[in-house]
Amino acid sequence: MRHMDEQLQELLERLLLMGRLAESMIALALRSLIERNDLLGAEIYIKEEEVNNLQIEIDDSAVKLTALQQPVGGDVRFLFMASRIATELERIGDQTVNIIQNTHHVLKAPALKPLVDLPVMGEIAEKMVRDSLDSLIARDCSLAAHVLEEEAKVDAYRDQIFRVLLTYMMADPGTVERALALILISRNLERIGDHATNIAEEVIYLVEGREVRHRHDIALA
Amino acid sequence: MEHLREELDELNKKLLEMSFLVIGSISQSVNAVINRDKEAAETVFQRETEINRLEILIDKLAFQLLALQQPVAVDLRFVTMAIKINNNLERMGDIAVNIAERALSLLSMGLLMPKVDLHYMAKLAQDMVADSITAFIGKDPELAKNVLKSDDAVDKLRDQMYGEILRFMEADPHMIHPGVDHIFIARGLERLADHATNIAEDVLFFVQGVDVRHHAQEI
């Protein structure tokens, strides 16, 4: 069955490549916002195409390997987990594209205020993605559980950013478009964190066989 | 052979059950917004638990099928499709919850609302969802393709709503908080349409054995 192991390894490598691309897209999107640089968007669109292609490749491989090799138990689970993680990564890619589109609206006028919370939130989300993939490589459930814990932080930032920007908008209607775009970016980042936790949940199931979706309290116990 | 058929039928049945629950939740969440109906929102929250339970159950059934029965060809494609549709349905259930939460938020704000019409966008999104499920049930590629074609219209509507709501918010500070909620609702509807197109793509993959994702313009 070595042939199968080789194929699985190759699949894993493509998944990790996809993960690195997604991480770099997050970093680019954040840079675009923080540096107020509209031009980084082009690079993100190029990477998005690569990410989308990888998703299709990984999906097709998973189905082909299932059909041709008739794998059992753990291998089947791995194949479809790979497919699901690929879906999460593709959605992360989509969110970074949304961030770029929202950033475009932010840059239409001078900065409302120095960005304090969004960059921090962005870093946390980026790290969650990285950690979720590292937990897969290392089969490390405690790292995966850590990713699940970080979700609360990201949610808290989203709420805080909303409160602050709401105050700005109510005080000055001229700020509405930019503030709204920033709020939407915070939601893009929150969703990226969400996808990272989905990946972490898959890893925990793969490694420990514990089903922790919709039950993070079990995961963190 | 009998076991395989039975298990495939069971998988199909559970998927249908989940589809109808989700369609119902979406309907109730839209109801909660448009008719300011608190109870409708509550129904959505209650149903969420059942939807999540079914997601896990369907996954289990699918994987057991794959591991123990080792289906091939069209049966394998069916199970693959079922796993993906399952995932999309659960996300749609989440979105319905988000919309219901926005409905409650709006309810707490009184009656002053931006005059934007979410009806049409909600109807469009819900029709796409219903059609994508019907396409799955009937294994109907034409209907699936129609769903894909409708996606653009929903995206345009979302952008249009965004512009309208923005203008309300800029004109009157009282419109700001409800305006933001309306924007979130419009985005939720657009994401529902998105998931409906994912389901349609999965149906096409099943019927034609071709992966059409990210290539909608070639259809």
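**Close-up views of a predicted two-chain model**

**View 1. B:Phe78 is a buried ring.** B:Phe78 has a relative accessible area of 9%, so this residue counts as buried. Buried means under 20% relative accessible area, exposed means over 50%, and partly exposed lies in between (1.4 Å probe, protein chains only). This is a predicted model, in which local features need pLDDT of at least 70 and side-chain atom pairs count only at pLDDT 80 or more, while totals for chains, interfaces and linings use all residues. Residues are numbered from 1 along each chain as its sequence is written, chains are lettered from A and ligands numbered from 1 in the order in which they are written, and side-chain values use heavy atoms, with hydrogens and water left out.

View 2. A pair of aromatic rings is described by the distance of the centres and the angle of the planes. Rings of Phe, Tyr and Trp (its six-membered ring) pair if their centres lie within 6.5 Å; planes under 30 degrees apart count as stacked, over 60 as edge-to-face and the rest as tilted. By this rule the count over all chains is four aromatic pairs. One of them is tilted: A:Phe162 and B:Phe184, 6.4 Å centre to centre with 40 degrees between the planes. A:Phe162 sits in helix H5 (residues 141-171) of chain A and B:Phe184 in helix H6 (residues 176-208) of chain B, so the pair joins two chains. Helices (H or I, at least four residues) and strands (E, at least two) are DSSP runs, numbered from the N terminus. Both A:Phe162 and B:Phe184 are buried.

**View 3. B:Phe78 stacks with B:Phe136.** The centres of B:Phe78 and B:Phe136 are 6.5 Å apart, and 20 degrees separate the planes, a stacked pair. B:Phe78 belongs to helix H3 (residues 73-107) of chain B and B:Phe136 to helix H4 (residues 118-138) of chain B, so the pair ties together parts that are 58 residues apart in sequence. B:Phe136 is buried, at a relative accessible area of 0%. Ring pairs link B:Phe78, B:Phe136 and B:Phe206 into a cluster.

**View 4. A:Asn188 and its contacts.** A:Asn188 lies in helix H6 (residues 176-208) of chain A. Its relative accessibility is 4%, so A:Asn188 counts as buried. Leaving out residues up to four places away in sequence, A:Asn188 touches A:Gln95, A:Asn98, A:Ile99 and A:Asn102. Contact means heavy atoms within 4.5 Å. A:Ser83 is 105 residues from A:Asn188 in sequence and 22 Å away in space, C-alpha to C-alpha.

**View 5. B:Arg158 and its contacts.** Helix H5 (residues 141-171) of chain B holds B:Arg158. B:Arg158 has a relative accessible area of 18% and is buried. Beyond neighbours within four places in sequence, its contacts are B:Met121, B:Ala186, B:Arg187 and B:Glu190.

**View 6. Chain A as the setting.** Chain A has seven helices and zero strands. Along the sequence the pattern is α-α-α-α-α-α-α. The C-alpha atoms of chain A fill a box of roughly 65 × 40 × 20 Å, taken along the principal axes. Of the 221 residues of chain A, 57% count as buried. Among contacts in chain A with a separation of 6 or more, 81% come from residues 24 or more positions apart.
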